Amino acid sequence: MRHPRAIAALVAALALVLAGCSASDSSGDGKGFNDADVDFASDMIRHHAQALQMVDLTLGRDLDPAVARLTDQIRAAQAPEIEKMVDWLQAWDQKVPPTSRDHANAHAEGHGQDQGMNTDMPGMMSAEQMTALEKAPDGKFQTMWLQMMIDHHEGAIEMARTQVEDGQNAKAVALAEDIVSAQKKEIATMQDLLKG
């Protein structure tokens, strides 16, 4: 009689172990995340939002065709990435940070102020820098924009590399790797454009 009970206890214990494994399975949606994953998604949402804000400032400007294509490329890549990271945070039952891209914050005064922006993040522009970019004359705007976006991208790459090292969620790590690869290429493009 003891033998069946021992087996039953072993099966029950194994079930608990397996349940624990599935809860930390890094391949699952809404499962298998750590603090690094949450920090990455939360910070990169805000970082991307500022990049898109910088892209918005190019609207109506006289840009070289290659620069205009780059702005379209950045918008096409980063807007869906924001949506993806918002979905992750919601699935993980974590707070989604406010950004200037939110309807509630879209008309807030200042750039990067009162919008959940953290200028301590690598590559983030200050409110003063964003205002200077917005007010820059056409003759200086493009060069200033490229220089600022290079700095912004370098910050994103630094954040993404930290996620690759410390993150647990496989999808979040994969996105970080994609960000490193894509933004390194865009930096090279922008450096070539500055050389003109």
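Does Asp39 count as buried, exposed or partly exposed, and at what relative accessibility? In this predicted model, Asp39 has a relative accessibility of 45% and therefore counts as partly exposed. The class follows because partly exposed covers the range between under 20% for buried and over 50% for exposed. Asp39 is placed in helix 2, which spans residues 35-56. In sequence, Asp39 and Gly167 are 128 residues apart. In space, their C-alpha atoms are 9.3 Å apart.

The packing of helix 2 was examined next. Two packed helices are described by the angle between their axes and the distance between the axes. The partner here is helix 5, residues 138-166. The two axes come within 10 Å and cross at roughly 165°. Helix 2 is therefore roughly antiparallel to helix 5, because angles over 145 degrees count as such. The crossing of helix 2 and helix 5 is left-handed.

Side by side, the two helices meet through a series of residues. On helix 2, the contacts include Ala36, Asp37, Phe40, Asp43, Met44 and His47. Gln50, Ala51, Met54 and Val55 also belong to the helix 2 side. On helix 5, the residues met include Trp145, Met148, Met149, His152 and Gly155. Ala156, Met159, Ala160, Gln163 and Asp166 also belong to the helix 5 side.

Aromatic contacts were considered separately. A pair of aromatic rings is described by the distance of the centres and the angle of the planes. The structure holds two aromatic pairs. In one, the ring centres of Phe33 and Trp92 are 4.9 Å apart and the planes lie at 15°, so the pair is stacked. Phe33 lies in the loop between helix 1 (2-23) and helix 2. Trp92 lies in the loop between helix 3 (65-91) and helix 4 (127-135). The pair therefore ties together parts that are 59 residues apart in sequence. The ring centres of Trp88 and Trp92 are 6.2 Å apart, with planes at 20°, so this pair is stacked too. Both angles meet the cut-off for stacking, under 30 degrees.

Trp92 is buried, with a relative accessible area of 3%. Trp88 is buried at 11%. Phe33, at 28% relative accessibility, counts as partly exposed.

A further ring contact involves a charge. Arg61 lies over the face of Phe141. The distance from the ring centre is 4.1 Å.

Methods:
Residues numbered from 1 in each chain as written. Predicted model: local features only at pLDDT ≥ 70, side-chain atom pairs only at ≥ 80, totals over all residues. Heavy atoms only, no water. Helix = DSSP H or I, 4+ residues; strand = E, 2+ residues; numbered from the N terminus. Buried < 20%, exposed > 50% of the residue type's maximum accessible area, 1.4 Å probe, protein only. Phe/Tyr/Trp six-rings, centres within 6.5 Å; stacked < 30°, edge-to-face > 60°. Lys NZ or Arg CZ within 6 Å of the ring centre and 35° of its normal. Axes fitted to C-alpha atoms, helices over the stretch in contact; angles between N-to-C directions. Parallel < 35°, antiparallel > 145°, perpendicular 65-115°, else oblique. Left-handed = near helix turned anticlockwise from the far one by under 90°. Contact = heavy atoms within 4.5 Å.
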